[in-house]
Amino acid sequence: MDATLIALGALALSGALATVAGCAEDVESDVGSQSNPNSQVQLAPQMGNIHRYFNKAISGEPVSYGLYVAVAGTVAYAIMQMGVAPILALILGAGVAAFVHGAYAISAYLGRIVGQSKNFGQPVYWDIVMSHIGPIVGHGFIAVFCMVLMAYLANAVLGNPFPLPLIALIFGITVGAIGSSTGDVHYGAEREYQKYPFGGGVPVANHGDIDVKAEYGLRNGMDSSYFCVRVGGVLTGLCFGLIVFLDGWRGVIGDVLQGGNVISASIISIVVGLIIVALLAIANRKVEVFARNKYGPYTK
């Protein structure tokens with residue numbers, strides 16, 4: 001029972017870390033205009049919209065965050081093999097990943113904007129680089145540290161058989177995929193495509209036709225993050241946190257009910273997982289119907 005309580009405690013901590021990581025990842029992607037449809041600012045100059053967004057959308061969030069967290073996990077694993085305390089190793093690993101993140105963000109911005117300056121007249125705003133790189137790297141460090149700590153708990157406490165760098169890679173890909181999907185309308189379409197009606201998504205023909213005027217002056221990535229942190233970041237964090245917690249919880253429940261029988265515990269875990277998925281699908285449908293009835297149906 002003591003081992004079960006320790007596992008539940010580690011699982012609860014992992015869920016909390018995942019929630020924080022998801023929030024930080026979402027805000028970071030808003031500042032850097034990497035998430036879809038934020039990434040569509042890359043097409044704005046072609047549409048005649050000169051902007052002051054920081055844009056680093058070269059690879060998708062699953063790819064980039066898989067890289068960052070895997071770097072952190074690999075460095076932390078190597079340092080721990082040298083006898084360094086795990087928490088210090090995890091911090092150092094996340095710090096190295098933050099430097100990688102910053103280098104990638106600056107090179108991505110300069111490469112994309114310089115490529116558009118000649119043909120479409122998009123200027124390179126150095127003040128945008130200097131004002132945005134801090135929040136990008138800072139929020140990225142928080143997200144990466146939380147995930148590499150989750151990976152360590154999964155390996156050292158929860159019994160995950162995979163090595164720390166591989167678990168870190170999987171967590172990075174997962175949070176990037178969630179950041180690119182969950183709550184997209186809350187950190188893209190609502191803010192950058194306000195001239196278009198809510199609820200219909202952003203048709204491909206309208207990509208890049210963004211609003212560039214903010215409440216004061218020209219809009220930038222900081223304006224997006226101030227707006228989106230209220231809903232988009234929360235939704236992303238809750239989604240990632242629930243995935244981590246519920247997925248681990250069903251495994252712990254299976255072990256408790258079967259008292260160590262691996263095969264029976266696995267079957268129970270699968271059944272519990274299917275029940276959770278079914279309940280979430282029903283809840284999702286009810287929320288969507290409620291929203292459509294309240295705010296208007298789909299239009300033809």
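In what order do the elements of the protein run from the N terminus on? They run α-α-α-α-α-α-α-α-α. The model is predicted, and its secondary structure comes to nine helices and zero strands. The protein has 300 residues, and buried residues make up 44% of them.

- The unreviewed UniProt entry places the feature "transmembrane region" at residues 87-111, 132-154, 166-187, 227-246 and 262-283.
- In the model, residues 87-111 are 100% helix and 0% strand, and the end C-alpha atoms of this span lie 36 Å apart.
- Residues 227-246 are 85% helix and 0% strand, with end C-alpha atoms 29 Å apart.

**Helix α2**

- Helix α2 covers residues 61-80, which is 20 residues.
- From its first C-alpha to its last, helix α2 reaches 28 Å, close to the 28 Å expected at 1.5 Å a residue.
- The buried residues of α2 include E61, S64, Y65, Y68, G73 and M80.
- Which helices do the buried residues of α2 pack against? They pack against α1 (2-32), α3 (86-120), α4 (126-156) and α5 (164-179).

**Two residues of helix α4**

- H132 lies in helix α4 and counts as buried, at 0% relative accessibility.
- The side chain of H132 reaches the backbone nitrogen of G221 at 3.2 Å.
- Leaving aside residues up to four places away in sequence, H132 touches V31, F54, N220, G221 and M222.
- A143 is also found in helix α4, and A143 is buried, with a relative accessible area of 0%.
- Which residues does A143 touch, not counting those up to four places away in sequence? A143 touches A21, A24, E25 and Y65.
- One of these, Y65, is among the buried residues of α2.
- The C-alpha atoms of A143 and C23 are separated by 7.9 Å, although the two residues are 120 residues apart along the chain.

**A loop residue with positive phi**

- S33 lies in the loop between α1 and α2.
- S33 is not a glycine, yet it has a positive phi of about 50°.
- Is S33 buried or exposed? S33 counts as buried because its relative accessibility is 0%, and the cut-off for buried is under 20%.

**Aromatic pairs**

- How many aromatic pairs does the structure hold? The structure holds five aromatic pairs.
- One of them is formed by Y68 and Y104, which are edge-to-face, with 6.1 Å centre to centre and 65° between the planes.
- This pair links distant parts of the chain, since Y68 is in helix α2 and Y104 is in helix α3, 36 residues apart.
- Y68 counts as buried at 1% relative accessibility, and Y104 counts as buried at 18%.
- The rings of F171 and F240 have their centres 6.4 Å apart and their planes at 80°, so this pair is edge-to-face.
- F171 lies in helix α5 and F240 in helix α8 (residues 232-258), so the pair ties together parts that are 69 residues apart in sequence.
- F171 counts as buried at 15% relative accessibility, while F240 is buried with a relative accessible area of 0%.
- Ring pairs also link Y65, Y68 and Y104 into a cluster.

**Cysteines**

- A search of the whole structure finds zero disulfides.
- C146 counts as buried, at 6% relative accessibility.
- C239 is partly exposed, with a relative accessible area of 23%.

Conventions: Residues numbered from 1 in each chain as written. Predicted model: local features only at pLDDT ≥ 70, side-chain atom pairs only at ≥ 80, totals over all residues. Heavy atoms only, no water. Disulfide = S-S within 2.5 Å. Buried < 20%, exposed > 50% of the residue type's maximum accessible area, 1.4 Å probe, protein only. UniProt positions renumbered as here; feature names shortened; annotations may be inferred. Helix = DSSP H or I, 4+ residues; strand = E, 2+ residues; numbered from the N terminus. Expected span 1.5 Å × (residues − 1). Contact = heavy atoms within 4.5 Å. Polar contact = N/O pair within 3.5 Å; in protein donor to acceptor, adjacent residues only side chain to side chain. Phe/Tyr/Trp six-rings, centres within 6.5 Å; stacked < 30°, edge-to-face > 60°.
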